[in-house]
Amino acid sequence: MSGPAQGGRPALTSLLAWRTLEEHSAKVARLHLRFLFGADAHRGERMTAEGAGLFLDYSKQRVTAETLGLLAALARECGLRERIDAMFRGGRINVTEDRPVLHVALRAPRGAAIAVGGENVVPRVHDVLDRMARFADRVRGGEWTGHSGRRIRNVVNIGIGGSDLGPVMACEALRHYADRALRLRFVSNVDGTDFAEATADLDPAETLFIVSSKTFTTQETMTNAQSARAWLLAGLGGDPAAVARHFVAVSTNAAEVAKFGIDTRNMFEFWDWVGGRYSMMSAIGLSTMIAVGPAAFRALLDGAHAMDEHFRTAPFEANLPALMGLLTVWNSNFLGAATTAVLPYDQYLRRFPAYLQQLAMESNGKRVTLEGQEVGYDTGPIVWGEPGTNGQHSFYQLLHQGTRLVPCDFIAFAESLNPLGRHHDLLAANVFAQAEALAFGKTADEVRAEGTQEALVPHRTFEGNRPSNVILAPMLTPATLGALIALYEHSVFTQGVIWDLDSFDQWGVELGKVLAQRIIPELESEAEPTLGHDSSTNNMIRRYRKLRDT
């Protein structure tokens, strides 16, 4: 299943299931969730699904049983099952780069077989995981020391995009399980402030840098890496031999790694069949493994693998990622929702929405199909969010009474990792209350019955009928985090299959980077440069140079 034609699938909007859904949506759009729950006393028990330790309640979505059947039919007509099978067997489903898409191989168990070019890649994956584990144990146990023989106490990950967002999120999410004797820092932004603040209170003699760049040429990453090298040598007397004791690489470019001064025996490999935003369970996760230890990291992989298998085998009607992906298509294309809010009610997951922003918007922020034809429908909703209950005192006003429809994913856990009196029951109560309030709202008559002055009734009325999912798990463990990550990965994949997109390339990030390379020498030139941009860009470059040099 390779090549840009993908069998020449008919246009999405011409498919029978799509046209039937359009007719159906005109009827369902008039139905309020109050009516849907009133008409079915068991809706809240029926519209649920379970898999890989996660429980999904989607009963507060604006759908009927018929809607769900039509969405499943759309999935079948779009070839979702065939695309899932192609991904898991190593088909080149990243058609614009002619590559397989095998983040699922990163968490496949020993003994599994997934072939790329006739080679089973699973043994290579486990070879790297084993090398990572040995290295992580040496750092955590104090066996790996710096140039002066002192123990490593600080680990700084230098990367950007998928080489940063995943490890940052995972280290924060699993902080409860981390070795508190180690300080983990992350540097991604080429803004010098990011590096300066990350290292301001660190001792170079006790600091290890992980430089994560597949090519070892990424501009932001290598600019920060060179600054880190200079910072280290300035603090350790200038001996270049110190670099090999304080830097390791996650890369495939051994020549550039060696040129930097890193011992290539301390270079951890990953592969072009793993996209950056899907790479946090590869060697890109080395900082995570150092933080939480190899056993917890492998539990993370096991949780993701459990969700992979659920996605691969469960029927669409009971398949968590497929259901969530199809419901996103429903909300986006048939109910007109332009965004999705992800609202984790766990402080450890505070970076999870930011991680999902890249996963979803870099994957499905596309306007042409696999065949290169411009789409005639919306794709890729904007993903955003903050942890509860903080968000309730920030943007929930718009969710409840604003003019825009914002479907929400609430993520909650039955037990706290830090039980403290009644805190967790209060937290959980807010999850369930917010989902209930969004769904059912409060009518004007209900407001009047409370004795509210008539002039205030419109202000205190809640329309309701705002859709949401609730994802519930027993506790935030490494395995649970792995399952959550895979849940959203496969949901995004499902959406991309329906929209006929290549969810695994990211050409949209290239143009700005190319133009920046043209502008850099114009900013750095000692002489006044000859500029050939538009009048706005030319004027901004001149103004910047004047302000900088004043």
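Two ground rules. Numbering runs from 1 along each chain as its sequence is written, and side-chain values use heavy atoms, with hydrogens and water left out. Because the model is predicted, local features need pLDDT of at least 70 and side-chain atom pairs count only at pLDDT 80 or more, while totals for chains, interfaces and linings use all residues.

The overall picture. The protein has 22 helices and 13 strands; these are DSSP runs, with helices being H or I of at least four residues and strands E of at least two, numbered from the N terminus. Of the 550 residues, 53% count as buried, meaning under 20% relative accessible area with a 1.4 Å probe, protein chains only.

Now the inside. A nonpolar core is a set of buried Ala, Val, Leu, Ile, Met, Phe, Trp, Tyr and Cys residues joined through side-chain atoms within 4.5 Å. The largest one has 126 residues. Trp-273, Ile-290, Phe-352, Leu-481 and Tyr-488 have the most contacts inside it. Helix H20 gives this core its largest share, 12 residues. A second, separate core has 25 residues, including Ala-198 and Met-267.

Stay with H20, residues 478-499, where Ser-491 lies. Is Ser-491 buried or exposed? Ser-491 is buried, at a relative accessible area of 3%. Its side chain reaches the backbone nitrogen of Gly-325 at 3.2 Å. Ser-491 also touches Pro-321 and Met-324, leaving aside residues up to four places away in sequence.

Last, the rings. Rings of Phe, Tyr and Trp (its six-membered ring) pair if their centres lie within 6.5 Å; planes under 30 degrees apart are stacked, over 60 edge-to-face, the rest tilted. The count is 20 aromatic pairs. In one of them, the centres of Tyr-345 and Phe-410 are 6.0 Å apart and the planes at 50°, so that pair is tilted. Tyr-345 sits in the loop between strand E10 and helix H15, and Phe-410 in strand E12, so the pair ties together parts 65 residues apart in sequence. Both Tyr-345 and Phe-410 are buried. Phe-493 and Phe-504 form a tilted pair too, 6.0 Å centre to centre with 40° between the planes. Phe-493 brings us back to H20.

Conventions. Buried means under 20% relative accessible area, exposed over 50%, partly exposed in between (1.4 Å probe, protein chains only). A polar contact is a pair of N or O atoms within 3.5 Å; within protein, one must be able to donate a hydrogen and the other to accept it, and residues adjacent in sequence count only if both atoms are side-chain atoms. Contact means heavy atoms within 4.5 Å.
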